[in-house]
Amino acid sequence: MSTVLIIGAGGVGRVVAHKCAQQHETFSSICLASRTQSKCVQIANEIKEKTGRTIETAQVDADNVAELVALIQRVNPFMIINVALPYQDLTIMDACLETGTHYLDTANYEPLDEAKFEYSWQWAYRERFEQAGLMALLGSGFDPGVTNVFCAYMQKHHFDTLDYVDILDCNGGDHGYAFATNFNPEINIREVTSNGRYFENGQWIETAPMAIKKQFDFEQVGPKNMYLLYHEEMESLAINLKGVKRMRFWMTFGDAYLKHLEVFRNIGLDSIKPIMFEGREIIPIQFLKALLPDPASLGPRTVGKTNIGVIVKGTKDGKPVSRYIYNICDHQACYQETHAQGVSYTTGVPAMIGAMMMIQGHWMKPGVHNMEEFNPDPFMDALNAYGLPWSNIATDIDVDQLPE
Ligand SMILES: NC(=O)c1ccc[n+]([C@@H]2O[C@H](COP(=O)([O-])OP(=O)(O)OC[C@H]3O[C@@H](n4cnc5c(N)ncnc54)[C@H](OP(=O)(O)O)[C@@H]3O)[C@@H](O)[C@H]2O)c1
């Protein structure tokens, strides 16, 4: 029985609030706070209608530590579920330290002026969290998040050595727009226009953006082109999966999506460098975000499925083994349950489950931790129980042999 403070009322915040509200036993009291309080109130009204529960709402600027501290002291939560933007991670962690509150997020810190995904800034808080007896759980979404737990589960139950790891993220959803992103456009575009990178023989190998492509036939979605990207879970997995020889991350994109990105890039609309426009400074990618559909509005119009999983080749008892663990999620089913599309749902459910693991004590260890450091079993059970059931199969799929 614990109070949680959820910060951020976008697509993911909506799902987290709905899912926490469904679990009265664990989340006895909920406050949803964000920069724009009206969005929190709208979500609270939906929850009242669906579950009969009342959740509190609040306004907060999460870039401002003093404001956060005042809110935390008033609400007095056991923990914060941070589903605002990655830019707010450090200020919220500072406020947690000041108030003695546990912390969870779904995306690693990024500075506003540099598209750089790495855990160094947050790992630098390890000692302070440990000394304060507080826990920070990093990256409790789907990827990062569930993909880390899938790897930990394979390490625990199926492999002695995980030699080759491929993380495959497919969104087969169709929202009917010429171009829209399924989560925050600025974060999404920054991610996919960055250089690709993968881990091999202890080193990171960089590629040009979208330079490496494979075709893969995803169950319940169909054949898709997937591209090698850098993704943040690989940074901690490269350390915590013992002896991994190679690890890659793949994400599917349609040709129209890529064509739009190419045009944005060619004309500088994806730039994070400020420019002067009619006497005031604007940041092109933020201007572009203002023009694009709000991801939170895609829910009612998105049909199709996501399919995200991990394929591992390795050994058990000296014999070669190959397994694939994946989840398939239906956009419309997500919308019926939480008024959000599948990408928000597949992020929000693991955020709720991560908080549940901490509150119930399954995962509670002072310090700053990544998902694969904990026992995967209770988390895997909870995925099945709370909306993201997974399949776990022996496979003969060899990603290297897939057509390009
Ligand atoms: N691990 C994963 O699998 C995964 C997948 C997708 C997304 N994510 C992460 O999930 C997070 C949320 O994504 P989303 O799609 O829900 O984004 P979103 O729709 O843009 O929502 C972000 C929310 O944060 C609020 N916010 C922004 N700056 C704030 C500030 N300074 N103070 C208080 N609130 C602030 C926004 O308020 P306004 O409404 O006022 O703008 C909005 O309500 C992001 O960090 C994203 O990177 C993780």
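The secondary structure of the predicted model consists of 14 helices and 18 strands. Along the principal axes, the C-alpha atoms occupy a box of roughly 55 × 55 × 40 Å. The radius of gyration is 20 Å, which agrees with the value near 22 Å that a compact globule would have with 404 residues. Of the 404 residues in the protein, 49% are buried. Among contacts with a sequence separation of 6 or more, 73% are made between residues 24 or more positions apart.

Two domains are assigned in the protein. Domain 1 covers residues 2-138, whereas domain 2 is made up of residues 146-339 together with residues 391-401. The centres of domain 1 and domain 2, taken over C-alpha atoms, are separated by 24 Å. Contact between the domains involves 14 residues from domain 1 and 13 residues from domain 2. On the side of domain 1 that touches domain 2, the most residues are given by helix α1, which spans residues 11-22 and supplies 4 residues. By class, this side of domain 1 comprises 6 nonpolar, 4 polar and 4 charged residues.

Conventions. Residues are numbered from 1 along each chain as its sequence is written. This is a predicted model: local features need pLDDT of at least 70, side-chain atom pairs count only at pLDDT 80 or more; totals for chains, interfaces and linings use all residues. Helices (H or I, at least four residues) and strands (E, at least two) are DSSP runs, numbered from the N terminus. The radius of gyration is taken over C-alpha atoms; the globule rule is 2.2 Å times the number of residues to the power 0.38. A residue is buried if 20 or more other C-beta atoms lie within 10 Å of its own, exposed if 12 or fewer, and partly exposed in between; C-beta atoms are placed from the backbone. Two residues are in contact if their C-beta atoms, placed from the backbone, lie within 7 Å. Domain bounds come from an automatic or database domain assignment. Ala, Val, Leu, Ile, Met, Phe, Trp, Tyr, Cys and Pro count as nonpolar, Asp, Glu, Lys and Arg as charged, and the others, Gly among them, as polar.
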